[in-house]
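Please have the sequence and the 3D view open side by side.

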Amino acid sequence: MGQDSPQGISGLGVNANVHNWKGGQLKPAIHKIADLGDVTWRVIIDKADWEPARYGTPLSYDWDYYDSIYSAGKMSDLFNTIEYINSFPGQQVMINVMGPVSSWMGGNHIQPTDEDYWVRMIASMVYYGRVVRHLDFKLLGPMNEEDLNGVEGPLVGPEQYVRLLSKLSKQLDRLGLKDIRFVAPDTAGHDRALSEYLPALESVPALWDRIAVFGIHSYDGQTSDAADVVAQVAGRRPATWVTEFSGPCPGCDEGAPNPADWSSALTTAGFAVSLMQQGVSGLQFYDAWDGYYEHHASMGYWGALAYLPATGTYSPRKSYYVLAQLIKFTPRNSFLISSSSNEVGMKWIALRSPDGVRLTILGVNPSDATQRAAITLLDERISSTLALYITNAEKDMSQSKAVSMTSGSTEVSIPPKTVFTFTGTIARQ
């Protein structure tokens with residue numbers, strides 16, 4: 001395995017459904033996720049239907065009307081969730097709007113005659129959160145999987161998508177929110193994101209300049225080399241994040257808990273390594289906790305934290321410990337460093353902290369046999385004593401015997417079907 005050039009890691013984190021707020025019952029779960037370290041939260045409001053009827057004119061903002069909407073129900077849950085996330089250091093928030101729009105606006109699509117109402121609705125939400133509630137967020141994913149089926153988000157083709165975001169950009173400027181940046185296109189398919197949405201977005205320079213993150217989804221560990229394609233675009237180049245990723249979770253959208261918790265978590269870890277090897281600089285795991293999704297009309301059970309309805313509490317699944325090994329020792333803006341190995345089947349990435357002081361190696365042994373990991377960093381001056389943490393079917397981020405790295409090389413046995421993390425302070429020879 002090898003890495004061609006330094007690559008910053010700017011957005012490791014989770015998706016977060018706000019429907020579990022329940023008067024603050026969600027706080028312990030938020031705290032548990034924030035304990036992972038520098039977490040990037042894709043906070044989801046579902047569905048995009050909070051304006052129940054066509055009201056007023058699309059270029060006017062009746063703030064008494066909007067206060068009645070945003071101070072109650074799921075919209076209040078959205079802002080309360082973000083406020084509590086903001087109370088923890090090192091957290092980064094984006095808002096994503098998931099699910100179809102109100103029926104009067106089109107339901108599974110957005111009627112061209114109502115585009116300006118959609119723009120006002122999204123802009124008013126951002127303004128209320130930032131200006132009225134004084135919340136800290138600068139990233140906005142205005143819709144979700146608009147290329148899929150009209151359920152995860154309204155069906156919006158590239159031409160209309162660019163038109164909507166261009167209008168929204170102007171409205172945000174009008175409201176004094178020029179620092180809000182877009183996460184786009186957040187498509188389900190990375191092929192269409194690159195072949196259709198990317199050309200449309202980059203064709204409008206003013207809009208392209210507002211995109212901080214080129215966001216795509218991947219549930220198979222593949223991206224169609226999205227980061228490389230985006231890097232070839234002329235002008236400003238946004239980061240490439242996979243804003244939804246996970247190992248398999250059959251039935252989890254339809255109210256069936258994950259039937260193979262460890263198998264899914266192990267696959268999740270493998271996908272995380274593969275996606276970063278492909279140049280992705282941000283990953284948001286789907287999902288932080290179990291929760292009800294309006295657009296599916298059922299509980300979703302993808303959560304790193306399992307929700308226990310009898311007690312209203314949360315307990316970690318195996319995927320939580322995989323996330324811990326991914327995030328805890330990887331401060332935001334860490335960067336990949338080159339490494340190599342002759343091992344077959346195993347894979348890993350090596351990262352340095354932004355200040356260059358910490359080395360972290362995250363890897364996976366997916367095989368049924370113990371494997372000898374012989375890791376060599378191309379920077380041979382690095383020596384260190386590295387703590388070793390492992391997660392597998394029996395262990396949850398368990399600390400094992402320390403490992404010595406000398407002249408950029410180390411060798412250690414990794415148990416079968418195990419996620420491993422080496423981490424420690426770097427000493428140069």
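Predicted model: local features only at pLDDT ≥ 70, side-chain atom pairs only at ≥ 80, totals over all residues.

Residues are numbered from 1 along each chain as its sequence is written, and side-chain values use heavy atoms, with hydrogens and water left out.

Now to the strands around that pair. Strand β3 (residues 40–48) and β4 run parallel and are joined by eight bridges; two strands are taken to pair if DSSP finds at least two bridges between them. On β4 there is also a link to strand β5 (residues 139–141), again parallel, made by three bridges. Within that link, Asn-96 has Gly-141 of β5 as its bridge partner. How buried is β4 (residues 92–101)? Nine of its 10 residues are buried, so the strand is largely enclosed by the rest of the structure. Here buried means under 20% relative accessible area, exposed means over 50%, and partly exposed lies in between, with a 1.4 Å probe and protein chains only.

The peptide bond from Asp-46 to Lys-47 is cis, with omega near -5°, and Lys-47 is found in β3. A cis peptide bond also joins Ala-184 and Pro-185, where omega is about 5°; Pro-185 is found in strand β6 (residues 181–187).

Let's turn next to a helix. In α10 (residues 318–327), 10 of the 10 residues are buried, so this helix is largely enclosed by the rest of the structure.

Lys-22 has a positive phi of about 45° although it is not a glycine, and is found in the loop between β2 (11–17) and α1 (27–34). With a relative accessible area of 45%, Lys-22 is partly exposed. Lys-417 also has a positive phi of about 45° without being a glycine. This residue is found in the loop between β21 (409–414) and β22 (418–425), and at 34% relative accessibility Lys-417 counts as partly exposed.

Finally, step back to the whole chain. Its secondary structure comes to 10 helices and 23 strands, where helices (H or I, at least four residues) and strands (E, at least two) are DSSP runs numbered from the N terminus. The radius of gyration is 22 Å, close to the 22 Å that the globule rule gives for 429 residues, so the chain is as compact as a globular protein of that length. That radius is taken over C-alpha atoms, and the rule is 2.2 Å times the number of residues to the power 0.38. Along its principal axes, the C-alpha trace spans about 70 × 55 × 35 Å. Of the 429 residues, 60% count as buried. Among contacts (heavy atoms within 4.5 Å) between residues at least 6 apart in sequence, 76% join residues at least 24 apart.
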